Amino acid sequence: MKSYLITGGAGFIGSNFVKYILEKYPEIRILILDDLTYAGNLGTISENLNDPRLKFVKANITDNTAVRTIFEKDRIDYLINFAAESHVDRSIENPQLFLETNILGTQNLLETARKFWTAGKDENGRPVYHEGVKFLQVSTDEVYGSLGETGYFTENTPLSPRSPYSASKAAADFIVLAYAETYGMPVNITRCSNNYGPYHFPEKLIPLIIKNILEGEKLPVYGDGSNVRDWLFVEDHCKAIDMVIAGGKLGQVYNVGGHNEMKNIDIVKLTISTVRRLIEENSEYRSALKTDIENINENLITFVKDRPGHDLRYAIDPTKITDELGWIPETRFADGIVKTIRWYLENQDWVKDVTSGDYQKYYEQMYGNR
Ligand code: NAD
Ligand code: DAU
């Protein structure tokens, strides 16, 4: 039976991954380590917490004692590191926290795993690791920087991060690769494009827009809305990570993306029309609406001051993961966005829970003077 240590398992992608593998593998052990920052919520995994296959530990990935204790108590086969400070705008306000969590936290996990996974040395004095163990770093396409109108990021594109967030993720990637080269650690890195889907914290574009539409609030679009992101349904990302754990060649990086580039303004317009249509078609969704349905229209869009250093365009070339591991994205954007909006319409309690408290202060600070 395989045993997973999943850091950041109470966040957006981590929680979706936990649900995905619990469903897929009946015989499995999962230990979630999460510090429950503003972005991590037990409500996100509440339906899973009673599952006998799962244990939860509240701890910081930079805490050496906490991470060591986990390895002392439990055999870990796979460590999947989702834990990170993940929001670019917040990294512009408070870069240091991003460096602490994303760089030092990753190194702490690597170092602890290295110690506990080392089985001995080979005849050349190189470390030998326990059979089948693997460290998977969940990284991002943002480490490659920004594209112009054309071209794609491949795994060979030089890293050129431009925000404190992406610089911290790039640094973490280099450290992971350094552990592979220097100590022969069994690692993989996945670099995925923008995810969307259930449990996405409403500070990120799509869930923020959905929340504001339902409240009849303005929809803040940075700059002129022409920046392009390459959107992938979160379950397709989870599937990719699962495939890389099972079949990824050790030491390799895999890009993950579904060739679904869209301008921000088009995402916002599509979200407005889809929310309105779903509510008009389903009377049970009316309770999610805190404004008159007639207010759901493009007049809600407001162009605000641009994000400093705003990357123009991301676009992933996923040829390697498709050719080597057979991964393809299954959810078309047209279907994924409807699934996502339905989920938000049906889970307003979750939105209310995660946006109570500090969220209001954050929103005022972030958008008050734009
Ligand atoms: P998220 O912000 O929703 O979740 C992050 C989780 O990590 C939260 O549960 C939080 O409590 C936890 N966490 C944060 N700091 C911690 C610390 N110091 N110790 C322990 N736990 C901590 O992020 P997400 O969108 O789910 O992203 C997960 C990972 O995927 C990140 O590494 C991110 O860089 C990467 N990624 C995200 C996207 C995307 O579109 N969201 C795309 C590509 C890669
Ligand atoms: O590409 C992968 C990355 O995608 C991940 O590594 C990050 O963790 C994740 O947060 C995401 O980063 P982005 O900066 O692309 O996501 P965000 O949702 O913040 O913004 C998407 C686009 O929308 C971006 O061009 C900025 C714009 N935007 C965002 C917000 C929050 C707006 O126009 N208005 C907004 O209010």
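Ala, Val, Leu, Ile, Met, Phe, Trp, Tyr, Cys and Pro are counted here as nonpolar, Asp, Glu, Lys and Arg as charged, and the others, Gly among them, as polar. On this basis, the shell around ligand 2 in the predicted model comprises ten nonpolar, eight polar and six charged residues. In total, 24 residues surround ligand 2, and the closest are Asp141, Tyr165, Arg307, His310 and Tyr367.

At least two shell residues each are supplied by α6 (205-215) and β10 (219-222); β10 provides the largest share, three residues.

Ligand 1 is surrounded by 28 residues, of which Ile13, Asp34, Ser86, Tyr165 and Lys169 are the closest. The shell around ligand 1 divides into 13 nonpolar, twelve polar and three charged residues. A polar side-chain atom of Asn60 lies 2.9 Å from a nitrogen atom of ligand 1, while a backbone N or O atom of Asp35 is placed 3.1 Å from a nitrogen atom of this ligand. The protein covers 96% of the 830 Å² of accessible area that ligand 1 has on its own. Two or more shell residues come from each of α1 (12-24), β7 (134-140) and α5 (164-183), with the largest share, three residues, from β7.

Methods. Residues are numbered from 1 along each chain as its sequence is written. Chains are lettered from A and ligands numbered from 1 in the order in which they are written. This is a predicted model: local features need pLDDT of at least 70, side-chain atom pairs count only at pLDDT 80 or more; totals for chains, interfaces and linings use all residues. Side-chain values use heavy atoms; hydrogens and water are left out. A residue is near a molecule or strand if one of its heavy atoms lies within 4 Å of it. A polar contact is a pair of N or O atoms within 3.5 Å; within protein, one must be able to donate a hydrogen and the other to accept it, and residues adjacent in sequence count only if both atoms are side-chain atoms. Accessible areas come from the Shrake-Rupley method with a 1.4 Å probe; for residues, only the protein chains shown count as cover. Helices (H or I, at least four residues) and strands (E, at least two) are DSSP runs, numbered from the N terminus.
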